[in-house]
Amino acid sequence: MLEIHNFTKRFNGRPVLFDFSLSLPRQSFTVLVGPSGCGKSTLFDLLMGVMPRDGGTLAFEGEEIPDLRTRAGYMAQKDLLLPWRSLLENALLPVAVKRTPSAADLAEARDLFRTLELSGFEKHYPWQVSGGMAQRCALARTILFHAPAALLDEPLSAVDAITRQSLRNLLLLLQSRFEKTILMTTHDVDDALFLADRIVILSRSPLSVKEEIHLTGTKPRNPAAHDLFLLKTRILNSLQETTS
Ligand SMILES: Nc1ncnc2c1ncn2[C@@H]1O[C@H](COP(=O)(O)OP(=O)(O)OP(=O)(O)O)[C@@H](O)[C@H]1O
Ligand SMILES: [Mg+2]
């Protein structure tokens, strides 16, 4: 459904990506894991057209497109929220750029805030809430974009263990209920084992696919199950080789 072909990006002459290719099947959940600085966020920014790439093409359902701007919700790793808008206004931003939010839009956003344990903070500003709350609000905004795909750059990095588990469940729900194609990054291998249909292990530099692991079986999964535990060891070893 989504074909990334030969993406290339240089910073100060140094290629962070060089002929990087990856395809994402429709309604798949792909989790990228790789060392810090290998180019994951750069890849997402290129996909969303936040910055221009130096080469490569992108095809969505067979049609060549410049970027995913209108086809994917994007939860970036940083600069998540607009400081002058309340949490609810931030979450409703994808709607507000198109039209004045309706009562139904507000009801949907409030419902999502309940699920994300943000009720009572609708009128707070981003600088008045914790990093994890801001992150959950950014996730709400990505969901309210109602696009066929979602790009999530470390969406679970700033939350505690309990919230992490409920957000993981929410992401699974998001994928199955809204039939989304999801591309996500994480530094937590358990996130990947819990959520992914496919784990892509990346190495630097320039960014390349070191290994792809396809996971089967029904979700939610238990990362502590024996077979997944063995897989976790394998992934951690692979990451260690990549980093060292
Ligand atoms: N705007 C920029 N100008 C120059 N170099 C940049 C820029 N953005 C990223 N880089 C460099 O590109 C490389 C990849 O950065 P990127 O943020 O994509 O990594 P990452 O895989 O997302 O890392 P992390 O896991 O820490 O989030 C790094 O070496 C970084 O310093
Ligand atoms: Mg990053």
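User: How do β9 and β10 pair?
Analyst: In this predicted model, strand β9 (residues 198-203) and strand β10 (residues 208-214) pair in the antiparallel sense, over six bridges. Two strands are said to pair if DSSP finds at least two bridges between them, and the strands (E, at least two residues) and helices (H or I, at least four residues) are DSSP runs, numbered from the N terminus.

User: What does I201 stand opposite, and how many residues lie between the two strands?
Analyst: I201 stands opposite E211 in β10, and β9 and β10 form a hairpin with four residues between them. P206 is found in the loop between these strands, and the peptide bond leading from S205 to P206 is cis, with omega near 10°.

User: How should I read the numbering, and what are the limits of the model?
Analyst: Residues are numbered from 1 along each chain as its sequence is written, while chains are lettered from A and ligands numbered from 1 in the order in which they are written. Since the model is predicted, local features need pLDDT of at least 70 and side-chain atom pairs count only at pLDDT 80 or more, whereas totals for chains, interfaces and linings use all residues.

User: Changing topic, what is the strand order in the open sheet of four strands?
Analyst: The order is β2-β1-β4-β5, with antiparallel pairing. β2 (14-24) and β5 (63-64) stand at the edges with a single partner strand each, so one side of each is left without a neighbour in the sheet. Within the sheet, five bridges join strand β1 (residues 2-11) to strand β4 (residues 55-60), and the bridge partner of T8 in β4 is G55.

User: And helix α1, why is it largely enclosed?
Analyst: Seven of the nine residues of α1 (residues 40-48) are buried, so the helix is largely enclosed by the rest of the structure; a residue is buried if 20 or more other C-beta atoms lie within 10 Å of its own, exposed if 12 or fewer, and partly exposed in between, with C-beta atoms placed from the backbone. The buried residues are K40, T42, L43, F44, D45, L46 and L47, and α1 is followed by G49, whose phi is positive, near 75°.

User: What is L43 in contact with, leaving aside its neighbours within four places in sequence?
Analyst: L43 is then in contact with F7, L17, F20 and L207, where contact requires C-beta atoms, placed from the backbone, that lie within 7 Å.

User: What surrounds ligand 1?
Analyst: The surrounding residues are F11, V16, S36, G37, C38, G39, K40, S41, T42 and Q77, counted as near if the C-beta atom, placed from the backbone, lies within 6 Å of the ligand. The largest share of this shell, three residues, comes from α1.

User: Is E117 buried or partly exposed, and what about its phi?
Analyst: E117 is partly exposed, with 16 other C-beta atoms within 10 Å, and its phi is near 55°, a positive value in a residue other than glycine. E117 lies in the loop between α4 (103-115) and α5 (131-144).

User: Is H146 buried or exposed?
Analyst: H146 is exposed, with 12 other C-beta atoms within 10 Å, and it lies in the loop between α5 and β7 (149-153). The phi of H146 is also positive, near 50°.

Technical notes:
Contact = placed C-beta atoms within 7 Å.
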